[in-house]
Amino acid sequence: MSNDADSSGSQVIARAATILRALELQPKGMTISSLSRETGLPRTTVHRLVTSLESQQLLISGSTGVRLGPALARLAASAHTDVIALAQPSMETLGRRTRETVDLCVYRGSHAVSVSQFVSDQELRVVSAVGTAFPCHCTAHGKAILAMLADEKIADLLGGQPDVRTDNTLRTLPLLLDDIRQTRARRYAIDREEHARGVCGMGVYLNTGAGEHYAISVAVPALRFEEKFYHLLSSLMQCKAEIEALTS
């Protein structure tokens, strides 16, 4: 293969990666025009690359635009196979003990990406697709991860102004940093309808020794959260200890 061909192939890969990175923090998707503006690539180039990536299920198109596809979720999961496999039995035990949905997430920039889940068996439950990117500043697993970072790093990630999702979202950086300091002190994070109305969560950081930041959380309908709070907490802490004993 000629050097020109090598260069051309590398450029295509780099441009495709640029598109994937642009969509990483946009779970609802982006239009072709928006992607072109965000990446600085010509609209025709973006359209051609998106078509190719869609053919491999790396991207999918929907009513809100182009978003990351299921193949990426599978690749993300395979990259964390060891932690997922080792955590699965304890996640299932936690899910059965609490009868709530359990999520395992890994840190990616300002988001926590779901890589494994145990779904609640109750009719009223909280479920999000594996591969979903959750904003760290308003979710339990996300705040559990942020608590492991320096305040300066958190400020850089959020750009000084947290994205407001509900009336309960912590709207300023000082309020969020105060909450993170409380999270560090008590060793677990709480989301009381900060990310979505009617949804609460409790999360803890996992010391896995895997070179990644992981957190595990229970997602609970708001109407059950307070009455089950201490049962959720004790069960979650037991799960954390079991997983860390296997992975650290």
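Guide: Let's start at Tyr-188, which is buried with a relative accessible area of 14%; buried means under 20% relative accessible area, exposed over 50% and partly exposed in between, using a 1.4 Å probe and protein chains only. Please keep in mind that this is a predicted model, in which local features need pLDDT of at least 70 and side-chain atom pairs count only at pLDDT 80 or more, while totals for chains, interfaces and linings use all residues. Residues are numbered from 1 along each chain as its sequence is written, and side-chain values use heavy atoms, with hydrogens and water left out.

Now for the partners of our tyrosine. Rings of Phe, Tyr and Trp (its six-membered ring) pair if their centres lie within 6.5 Å, with planes under 30 degrees apart counted as stacked, over 60 as edge-to-face and the rest as tilted. By this rule there are 3 aromatic pairs. In one of them, the centres of Tyr-188 and Phe-229 lie 6.3 Å apart and the planes meet at 65°, so this pair is edge-to-face. Tyr-188 belongs to the loop between α8 (173-186) and β6 (189-192), whereas Phe-229 sits in helix α10 (residues 229-247), so the pair ties together parts that are 41 residues apart in sequence. Helices (H or I, at least four residues) and strands (E, at least two) are DSSP runs, numbered from the N terminus.

Phe-229 is also buried, its relative accessible area being 7%. Phe-229 has a further edge-to-face partner in Tyr-230, at 5.2 Å centre to centre and with 75° between the planes. Tyr-230, however, counts as exposed, at 66% relative accessibility. Ring pairs join Tyr-188, Phe-225, Phe-229 and Tyr-230 into a cluster.

Arg-186 lies over the face of Tyr-188, at 5.2 Å from the ring centre; a charge sits over a ring if NZ of Lys or CZ of Arg is within 6 Å of the ring centre and within 35 degrees of the ring normal.

β6 ends the order β5-β4-β3-β8-β7-β6 in an open sheet of 6 strands with antiparallel pairing, where two strands pair if DSSP finds at least two bridges between them. β6 and β5 (133-135) are the edge strands, each pairing on one side only. From one strand to the next, the twist averages 30°, with axes being lines fitted to C-alpha atoms, for helices over the stretch in contact, and angles running from 0 to 180 degrees between N-to-C directions. Within this sheet, β3 (residues 101-108) and β8 (residues 214-221) run antiparallel and are joined by 6 bridges. Val-106, for example, has Tyr-214 of β8 as its bridge partner.

His-141 is found in helix α6 (residues 140-146) and counts as buried, at 6% relative accessibility. The side chains of His-141 and Thr-139 are joined by a polar contact of 3.4 Å.  That term covers a pair of N or O atoms within 3.5 Å; within protein, one must be able to donate a hydrogen and the other to accept it, and residues adjacent in sequence count only if both atoms are side-chain atoms.
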